[in-house]
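Dear colleague,

I am handing over the structure below, and my notes on what was found in it follow directly after.

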Amino acid sequence: MNTLQQNLQDKNIKALIFDLDGVVTQTARVHAQAWKRMFDAYLQKRGEKEGKHYEPLDIETDYREHIDGIPRYDGVRNFLESRGIRLPEGAPEDEEGQETVGGLGNLKNMYFQELVRQEGVDVYDDTIAWLKQQKQNGLRTAIISASKNCVDVLHAAGIAQLFEEHVDGLQASQLGLKGKPAPDVFLEAARRLGIAPQEVAVFEDARKGVQAAKAGGFGLVVGVDRTHDEAALKAGGADLVIQEFPKV
């Protein structure tokens with residue numbers, strides 16, 4: 001028996017909660033591309049106007065540290081703060097590209113949707129095969145995402161039927177749930193499944209996602225290391241780190 005399976009058995013896990021981007025679908029890189037396109041153009045334009053140089057977004061460092069796995073407008077705020085920039089909040093209805101947190105976040109979302117339309121959505125085959133096997137074994141399943149595009153992505157990838165419940169950015173906003181590293185979205189998913197957190201395993205690729213799952217008291221927190229980030233995932237509280245799901 002592999003280490004992951006042994007952990008599920010030892011901890012009497014009854015349900016699995018997966019993060020969408022970077023664990024189930026290969027959309028984390030698409031999000032990163034959209035963020036980089038939006039921020040680099042904005043920083044260059046602002047820098048030219050102010051006569052100063054702003055460092056462009058680095059996907060390896062900035063994206064992981066300030067943006068990955070958290071709600072869109074929090075990502076805008078966090079990253080700009082790292083460059084010493086503060087903008088008016090604006091509103092979720094702000095026009096794409098307006099110089100507000102809302103406007104820049106909406107422009108990023110427009111770029112992301114364009115990329116998904118152009119390139120489609122790829123899944124991680126190892127995750128899907130393993131997940132289907134666990135469902136056959138009787139484990140319950142839910143998916144979470146900080147993104148408001150979660151349902152569209154699931155349908156584009158043809159995998160919506162694999163998850164009994166989902167909690168995404170739209171629902172989190174409606175319910176007033178805090179973004180990661182707060183555990184709110186995971187706890188809401190467990191509540192909807194009707195399973196106590198201690199009997200749930202969470203699978204996350206983002207540092208803040210691992211921290212959130214740990215804070216929620218979940219029975220098993222598994223870091224899924226697609227981008228050579230094992231040390232940070234363990235530091236965030238992952239009980240176990242895997243590079244890919246075991247073959248079934």
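A residue is called buried when its relative accessible area is under 20%, exposed when over 50%, and partly exposed in between, with a 1.4 Å probe and protein chains only. By that criterion, buried residues make up 54% of the 248 residues in the protein. Please bear in mind that this is a predicted model, in which local features need pLDDT of at least 70 and side-chain atom pairs count only at pLDDT 80 or more, while totals for chains, interfaces and linings use all residues. Residues are numbered from 1 along each chain as its sequence is written, and side-chain values use heavy atoms, with hydrogens and water left out.

The protein has 11 helices and 6 strands, taken as DSSP runs (H or I of at least four residues for helices, E of at least two for strands) and numbered from the N terminus.

As to the interior, a nonpolar core here is a set of buried Ala, Val, Leu, Ile, Met, Phe, Trp, Tyr and Cys residues joined through side-chain atoms within 4.5 Å. The largest one holds 55 residues, among which Leu-4, Phe-18 and Phe-203 touch the most other members, and its largest share, 8 residues, is supplied by helix α2 (residues 28–50). A second, separate core of 22 residues includes Val-185, Val-210, Ala-212 and Val-221.

Counting contact as heavy atoms within 4.5 Å, and leaving aside neighbours within four places in sequence, Phe-203 meets residues including Leu-4, Phe-18, Trp-130 and Phe-245. Across the protein, 63% of the contacts between residues at least 6 apart in sequence join residues at least 24 apart.

Along its principal axes, the C-alpha trace spans about 60 × 35 × 30 Å.

With best regards
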